[in-house]
Amino acid sequence: MTPTLIYTWASITAVVVAVVVDLWIVRTRLLTTRLFWASYGIVLFFQFIVNGILTGLGIVQYAPSGILGLRVFFAPVEDIGFGFGLVTLTLVLWMRYGRFRRGGPVERPVDAGSER
């Protein structure tokens with residue numbers, strides 16, 4: 001028996017884990033910032049390009065029983081959830097690691113034209 005919508009459920013799980021880790025476990029609150037969403041929009045744009053090429057040319061294929069069947073630029077909609085989970089968890093853990101190593105809050109980058 002083939003698992004039904006396994007990729008869909010895994011994608012949903014990736015999104016939920018990323019949100020829980022950010023907002024309640026590590027508490028970086030990255031998802032509440034405009035900077036994250038602006039950055040994620042850029043990542044998503046390039047994800048659509050790469051996914052469109054890989055799936056449109058048939059380099060990557062998905063079992064129809066594992067996905068919903070909704071596609072965005074040839075790629076299954078589930079790829080958006082996986083991309084979100086990967087990017088968000090990477091950034092959250094990066095912020096957490098920076099706090100741990102320095103023993104305090106992560107320093108914000110200084111604009112090139114500003115002085116301290």
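**Briefing: surface, core and selected residues**

Ile 42, Phe 45, Phe 46, Ile 49, Val 50, Ile 53, Leu 54, Leu 57, Ile 59 and Val 60 make a nonpolar surface patch of about 940 Å². Patches are made of residues with over 30% relative accessible area and no salt bridge, nonpolar side chains (Val, Leu, Ile, Met, Phe, Trp, Tyr) being joined within 5 Å; a salt bridge is a side-chain nitrogen of Lys or Arg within 4 Å of a carboxyl oxygen of Asp or Glu. Accessible areas come from the Shrake-Rupley method with a 1.4 Å probe, and for residues only the protein chains shown count as cover.

The model is predicted: local features need pLDDT of at least 70, side-chain atom pairs count only at pLDDT 80 or more, and totals for chains, interfaces and linings use all residues. Residues are numbered from 1 along each chain as its sequence is written, and side-chain values use heavy atoms, with hydrogens and water left out.

**Overall make-up**
- The chain has three helices and two strands, in the order α-α-β-β-α from the N terminus; helices (H or I, at least four residues) and strands (E, at least two) are DSSP runs, numbered from the N terminus.
- Of the chain's 116 residues, 27% count as buried (under 20% relative accessible area; exposed is over 50%, and partly exposed lies in between).
- The chain's accessible surface is about 8,400 Å², and carbon and sulfur atoms account for 69% of it.

- Helix H1 (residues 6–25) has as its buried residues Thr 8, Ser 11, Ala 14, Ala 18, Val 21, Asp 22 and Leu 23.
- After H1 comes Arg 27, with a positive phi near 60°.
- The largest nonpolar core has 11 residues, among them Ala 18, Val 21, Leu 23, Phe 36 and Phe 84; such a core is a set of buried Ala, Val, Leu, Ile, Met, Phe, Trp, Tyr and Cys residues joined through side-chain atoms within 4.5 Å.
- H1, H2 and H3 are the elements that give two or more residues to this core.

**Phe 74**
- Phe 74 sits in the loop between strand E1 (71–72) and strand E2 (75–76), and is exposed, with a relative accessible area of 56%.
- Not counting residues up to four places away in sequence, Phe 74 touches Gly 52, Thr 55 and Gly 56 (contact means heavy atoms within 4.5 Å).

**Asp 79**
- Asp 79 belongs to helix H3 (residues 78–102).
- Asp 79 is buried without a salt bridge, and the nearest side chain of opposite charge, Arg 71, is 7.2 Å away.

How values were computed:
Buried means under 20% relative accessible area, exposed over 50%, partly exposed in between (1.4 Å probe, protein chains only). Lys and Arg count as positive and Asp and Glu as negative; His and the chain ends are not counted. Patches are made of residues with over 30% relative accessible area and no salt bridge: like charges are joined within 9 Å, nonpolar side chains (Val, Leu, Ile, Met, Phe, Trp, Tyr) within 5 Å.
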